[in-house]
Every structure is written in structure tokens, then in C-alpha cells.
Amino acid sequence: MTVTYTARVANARFCGFSKLLLAWKGSIYKVLYKEFLAFFAMYTAISITYRFVLYDDQKRYFEKLAIYCNHYASLIPMSFVLGFYVTLVVNRWWSQYTSIPLPDRLMCILSGGLQGSDERGRLLRRTMMRYASLSALLILRSVSTAVFKRFPTMDHVVEAGFMSREERKKFESLQSPYNKFWIPCVWFTNLAAVARCEGRIKDDHTLTLLLEELNGFRGKCSMLFHYDMISVPLVYTQVVTLAVYSFFLVCLIGRQFLDPNQGYPGHDLDLYVPIFTLLQFFFYAGWLKVAEQLINPFGEDDDDFETNWLIDRNFQVSMMAVDEMYGDLPMMERDRYWNDSNPRPPYTAATLFVLRKPSFQGSTFDMAIPKEEMHFQPLEDIAENMEESSSYHPNMALFNRLLNAAPSPTGLMGGALRRTSAQLQRLRHSPSIDQCTSDDDDDDDDESVQIGKGGSLPSGLGQDTQSTVSSVRDAKGLRTPLLEVQFGANTERQRHSVFNEKKEMSEVEEKSDEELYIREEREEVESTVGEIQAPSSRLLRPPQSSRETSTRSASAIPFTSCHRSAFTFHPAADSSLEHCSSQPAINHNRAVPTIPKPPLGGNKKSFLTVPSHNEPQRFRSVSMGSELTGS
């Protein structure tokens, strides 16, 4: 019988495992004591020879050999090789046990699925269950030495009652060079088909369930056969065995106690008995013995599987389930807790401590929360807090500025103007501003540039101002332009050219007012961009007579541009453009035109200055570290 000590280690006590060290059956002492005595005897023989037989010069040579062996013995990877090997063997050992076929599931389905309390029904159930037990017996007889010793021939199987003589003749008449443990399973399926035709198995679902369970039973029999045929690779076992044996053969010489008078390092003591070497042999060789015992658990070792006991148990239980217990039901009656809504079974005096323990409600059941945090908050306040947190973050402006800022390639003033242009482009990337696109210098096709309606500024700078931008919609829709601001030296000349252009276009009756306005804006954009790109141009302040111009609405207007980055604005009466931003936004799809550095001198107007609403004629723009020089 397998050595079982589960009850002795059910509770952890002082020196609980130490009490198991005195057991002999199934112990490491019983398995290893012969190898241990042989190793110690060889070590003693070599030690006596070194001390009393060898001459002095021979002793010196032996001592050098011992130091050499002890130095290189550590190169053998004992722990690594043995650890993987024993882990593989233990996993294989348990998998083989779970592959032993058990008839419990099959007998329950057969007892409930095959109907009939008469002689015919009883005969069908017992015969089918005997076929299943016969199949398990045949496979265990093929893999287990203990079962084979119990049933060495087929005559013993017939005499034991697992097979009739007619069935044996049928079994032996089927010629096959392979193991024929599967034949009783086929007989089982044929008999189940007969029972279905006779109506003893009521429906096909029950027949399918019965055959599926039989296939699982047969699959476990097949797994045992394959485990017996496919062993752990021989080379792995040889490597492990050679590693252990060679290590301790080297230790027979390398672990000898040498003469302390010679002054060898690490040989100051002469203890005669190598205690730690013997312990090391006990552990490593014992580890190898564990693998040797578990690699085939169907033998006759103390810890091998009790296959004969399993055969007896399975056969007796299965026959009782399908025969004596068929249709055997105890009388139903009300249980003792019939009228009790909270039934509780009684406790003995040894288990009363369970009642004193509180019932587990969950790991957060005793969590403490302050009273001020337990009050429900109105949904309106929660929605407002969510809107505020999603609309603005104090670090978002600085974060975007660090991501989008780029060094200026044209110097300090050129970089300032470039960042100013990038800020104008940034308006189209804000959530409330439409996308703005323009053509490259090399493209001849016109693309509509869209600037969205005025939206809130994302940064904290210039929050007292209002940012209003134009947005291009349909080219045919008549929109009122935004504030018109011009940067250039010949503002009056531009207005004169625009006036002449309007006068010429008014003579054409086919043009609508929308087309006139579109042409006007195109001419203004072309003239302004030409002045900005001219190296001799200067940036002047907007004229003070902008009050005379009509006030434009802040709605989006359509205009087209054939030049890139052409943003031209004119100050309207009692209105001013206020663009405040702490971060330049750079559109990577378009390059910002290089604006020449204006000459020194003149009045400097800082973009950091945010004018009030009392100065409508001035163009107000806020940019981090930007200055605009005007005449």
C-alpha cells in the first residue's frame, strides 16, 4: 500500500515534519542506505591508503591531485541538471495517476440511462459494465508489474470472472499484432446500440452521452499505454546519472583531508570523517533516487500506485451501481429543517469555536470612511466640476507651448514674426475654429482658407480680450468681413487700388456683390503679402483713421488666397483685433514664410502689451517675447 501520512501533517505543529523522519517504509533511508554505505566505504579506503600506505613523494602527488579534483568538481551543474529532471518526473508521475480509468461517471450514466428492471435489462447493464472493467484490466495488466503478476495469462482473467470463455474465444480470434485492450469497448458500443433498438435507452441524447463517456474511459486507457511506451528520453536519464556519479567519484579524492603540516589552503583541519560531503551525497543521490522511484509508478515500490486495489474497488463499485442500486430509492420525507428558514446544522463540543468567529462579509466590510465624504453630491455640481476640469487645465498651455515651439531660423525679430504668424494659424486648430488651409507657393490652384468663428482662448493670457476670426464657408455666400488690419508702408496706395478695382467691377453687371467682395479681399491679400516679402518694406502701425471704416460683423466670411500664410486684417470703427496666446501653434503641413528682419529704429510696439477697449484704432496682439517695430 502507498505510504500515506496526510493525517499526520493535517495541522502544522512544532517539528511536524521531524516526526516523519523516523518512518522507515517509503523513506529515503530505505532507498539510499546501500549507496550511502558504498560511498563511505570507498572514501574510507582511499583515506587509509593515503595516510598509511603511500610514501611521502606519493603523498605529495596525491595531495596535488586532491586539490585539482576539488577545484574542478564544482563545474558539474548538479543542482541545475537534477532540478529539471526531477520536476519533469514528478509531473509525469501525477499525470499517469490521473490517466487511470475510473468507472464512476460511466456507471452513473449507465444506471440512469439504460432502463428495465427485468432480467434482460439487468443483464445488459452488468455486461456493459463488465466490458468496461475488462478493458481497464487489460491495459493495467500491460503496464503494471503487480497486475501482471496477479493475472499472468488470459486464463487467469477468465477464471477471475472478467471474461467468459466464449468472449475469450472471440477475443483471441480477432488477429491483431497490437494491444487489444480496446476490443471490450467496441463490444460495449455494440451492446448500447442493441439497447437503443430495444427501446431501453429512451432517446438518442442519452445514447450519445453514454458513448461519449465511454470514449473518455477508453481515452484514459490509451494514455496509460502511451505513457508506458513513451518514456523520458534515455539521454536525459543518462546525463543526470553520469553527472551525479561522476561528481561523487571526484569527491572521493577531492574531499580527502590532507596533511595540515603541508599548509595547503583550506586544509587546516584533519577530521577523518567528511561530514558535509556525506550530507551532500545524501541530498543529491537521494534526489536521484526520488526520480528513480517516480519515473515508473506502476511497479512494486512502496510509493507506487496500488493498481490491484484499484481493480478490486472499481469492479465492485461499478457492479453495485448498475445492478443492486438500479431503481433503488429511499422513501422521500421532509427533512428536519422543513419549516426552518435559517437551517443550521449542529456543532460538537470540539467545533464550538467556529460559532464564535464572525461571518466573513468581504475585505472592505470594516473599511472606515469619514462622515463628510459619505454625503451624496448633487448631479448638477458634479456635471459643472467635470466641465471645468475638461475645459481647462493649468498645465496644458505650458505643455502645448513646449511641444509646438520651434527655434527661429531668421534671427530674433524674424523668429518673433514667425511665431506671430504661427499664432494666427493656431486659431484654426482650436476646438471652436475651423480648419485653415492654403496653397504652397508652387501651386497655382486656389484653395479656400477657413478661419472659424471667434472662440475662447486656451491660455490664461489676455483673457480680458475677445478673439474673433473669419471663417471661409461657401464661396457664393455673402458674409461681412472681420476687422481689416494692414501691415505695410503704402496703406493709402492699397486703399486707392482697391477703390479703383471696385469702381471697375461695379461696371460689370454680371458680377454679384459677393464676387466683388471676394475680388477685393484677394487683391488686398496679394498686395499685403508682396509688401511683407519685400526686403525693403517696413512694418508700420495701423492708421489712426480706421474709425471711418464701417464696422464688420464677427461672423465667418469666405475669401480665397493664392499665397500662403496671407492673413490681412483692417481695423474697423470702434473695434480692434485682440489675439492673445501664450503658445504658438505650428502647422507642420505648411512652412511659415520667412519675413525679413525690419531695420533698427522707429517706434517699438511690444506684443506683450494688452491695450484696453478704449483704444479701438490700435492693433492688439499678445505673444510671448515678441516685439513689432513700426515706423
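User: Buried means under 20% relative accessible area, exposed means over 50%, and partly exposed lies in between (1.4 Å probe, protein chains only). In which of these classes does V194 fall?

Analyst: Welcome! This is a predicted model, in which local features need pLDDT of at least 70 and side-chain atom pairs pLDDT 80 or more, while totals for chains, interfaces and linings use all residues. Residues are numbered from 1 along each chain as its sequence is written, and side-chain values use heavy atoms, leaving out hydrogens and water. Because its relative accessible area is 33%, V194 is partly exposed.

User: Where does V194 sit, and how far in space is its C-alpha from that of L124?

Analyst: V194 belongs to helix α9, residues 183-197; helices (H or I, at least four residues) and strands (E, at least two) are DSSP runs numbered from the N terminus. Although 70 residues separate V194 and L124 in sequence, their C-alpha atoms are apart by 9.4 Å.

User: How many helices and strands does the protein chain have, and what share of its residues is buried?

Analyst: The protein chain has 19 helices and eight strands. Out of its 631 residues, the buried share is 37%.

User: What part of the accessible surface belongs to carbon and sulfur atoms?

Analyst: Accessible areas come from the Shrake-Rupley method with a 1.4 Å probe, and for residues only the protein chains shown count as cover. The protein chain has about 38700 Å² of accessible surface, and the part from carbon and sulfur atoms is 58%.

User: Let's turn to helix α13. Is T307 buried or exposed, and which residue's side chain does its own side chain join in a polar contact?

Analyst: T307 lies in α13 and counts as buried because its relative accessibility is 1%. Beyond neighbours within four places in sequence, T307 is in contact (heavy atoms within 4.5 Å) with L140, S144, A146, V147 and F298. A polar contact is a pair of N or O atoms within 3.5 Å; within protein, one must be able to donate a hydrogen and the other to accept it, and residues adjacent in sequence count only if both atoms are side-chain atoms. For the side chain of T307, the polar contact of 3.0 Å is with S144.

User: With which side chain does D312 make a polar contact?

Analyst: D312 is found in α13, which spans residues 307-324, and counts as partly exposed because its relative accessibility is 40%. Its C-alpha is 9.9 Å from that of S133, 179 residues away in sequence. At 2.8 Å, the side chain of D312 makes a polar contact with the side chain of R150.

User: Which element gives the most residues to the lining of the largest pocket?

Analyst: The largest pocket has a volume of about 1000 Å³ and 32 lining residues, with V3, Y5, G26, S27 and D303 nearest its centre. On a 1 Å grid over the protein atoms alone, a pocket is an open set of points where a 1.4 Å probe fits, with protein on both sides within 12 Å along at least five of seven lines; lining residues have an atom within 4 Å of a point. The volume is the space filled by probe spheres set on the points, which are joined across faces, edges and corners. With seven residues, the element giving the most to the lining is α12.
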